Amino acid sequence: MNRDRLKKLAADKRFIAGIYNYCDRWCQRCPQTSRCLNFFISEEEFSDPETHDIRNEAFWNKLSGILGETLELLRESAKKWGIELDTLGSIDDIENIKGKDVAAENHVICRAAKRYSELVEDWFRGRETLFFEIAATAREGVSLEEAFEVIRWYQYFIAAKVIRAIRGKIEEEEERCDEFPSDSDGSAKIALIAIDRSIGAWAVILHYHHLYAERVLEIISFLDRLRQAVEATFPNARSFIRPGFDRIDRNALVSDMES
Ligand code: SF4
């Protein structure tokens with residue numbers, strides 16, 4: 001895809017600006033694919049069977065082609081805004097960034113979120129085959145299979161988003177930026193949504209299978225405490241409006257109707 005096409009698409013009113021910043025990246029289950037530029041580009045660029053294959057050389061070539069065009073676009077925009085990209089990464093900056101990364105990683109809720117990923121891994125180890133056999137027979141409402149899918153999808157996502165939220169908060173506090181809505185609240189919100197959905201999925205497992213009820217309840221309670229800690233750390237997260245997901249974009253609707 002060339003730069004002009006990329007620019008034209010970026011200005012296309014069909015797409016909601018920044019919708020992919022606070023989503024869960026689960027495009028297969030996303031209700032807003034038609035409004036997402038990210039999705040559109042990946043479908044357009046990787047739609048033929050050959051390029052769909054992640055092992056195919058053509059895939060990586062296309063990806064590096066997009067990267068090249070995007071970097072060019074970035075340089076152009078930086079020049080327009082008077083930003084010197086080359087001077088952004090001084091040694092001090094890098095040390096500072098590393099320090100914040102470490103602080104975020106060591107934050108108590110980040111460690112708890114990572115611990116949750118491990119708990120999921122431990123729980124599934126050795127049980128997954130058995131459960132997938134049972135799952136095939138459970139078909140009412142949310143099936144066991146779907147519950148597994150949800151838990152596995154968010155297993156690492158929660159920690160990644162909690163770390164991103166804490167990292168953003170450190171940055172915002174340092175810059176004394178009290179802008180609302182803040183990016184860290186957006187990350188915390190999608191982490192909370194992932195936690196809520198994971199709790200729901202664990203409850204489905206509990207409903208279908210009582211054999212491991214005690215352990216499942218422990219995990220649910222762990223997640224619930226994590227949820228409360230994230231809410232306490234980010235009191236504005238729940239009210240953060242994610243573009244395209246939490247409020248109907250009336251301007252975009254009007255433009256859809258006009259076109
Ligand atoms: S907004 Fe939806 S379609 Fe776009 S990247 Fe996120 S999950 Fe995928």
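In this predicted model, helices α9 and α10 cross in a left-handed manner. Helix α9 comprises residues 157-174 and helix α10 residues 183-208, and the two pack with their axes 8 Å apart.

**Helix packing**
- The angle between α9 and α10 is about 155°; angles over 145 degrees count as roughly antiparallel, and the two helices are therefore roughly antiparallel to each other.
- Helix α11 spans residues 213-233, and its axis comes within 12 Å of that of α9, the two crossing at roughly 20°.
- This crossing makes α9 roughly parallel to α11, because angles under 35 degrees count as such.
- The crossing of α9 past α11 is left-handed.

**Ligand surroundings**
- The ligand takes up the space of the second largest pocket.
- Residues around the ligand include the cysteines Cys-23, Cys-27, Cys-30 and Cys-36.
- The aromatic residues Tyr-20, Trp-26, Phe-39 and Phe-245 are also found around the ligand.
- By class, the shell around the ligand consists of eight nonpolar residues, one polar residue and one charged residue.

Terms used. Residues numbered from 1 in each chain as written. Predicted model: local features only at pLDDT ≥ 70, side-chain atom pairs only at ≥ 80, totals over all residues. Heavy atoms only, no water. Near = heavy atom within 4 Å. 1 Å grid on protein atoms, 1.4 Å probe; cavity = no way out; pocket = protein on both sides within 12 Å on 5 of 7 lines; lining within 4 Å. Sits in = over half its atoms within 2 Å of the grid points. Nonpolar A, V, L, I, M, F, W, Y, C, P; charged D, E, K, R; others polar. Axes fitted to C-alpha atoms, helices over the stretch in contact; angles between N-to-C directions. Helix = DSSP H or I, 4+ residues; strand = E, 2+ residues; numbered from the N terminus. Parallel < 35°, antiparallel > 145°, perpendicular 65-115°, else oblique. Left-handed = near helix turned anticlockwise from the far one by under 90°.
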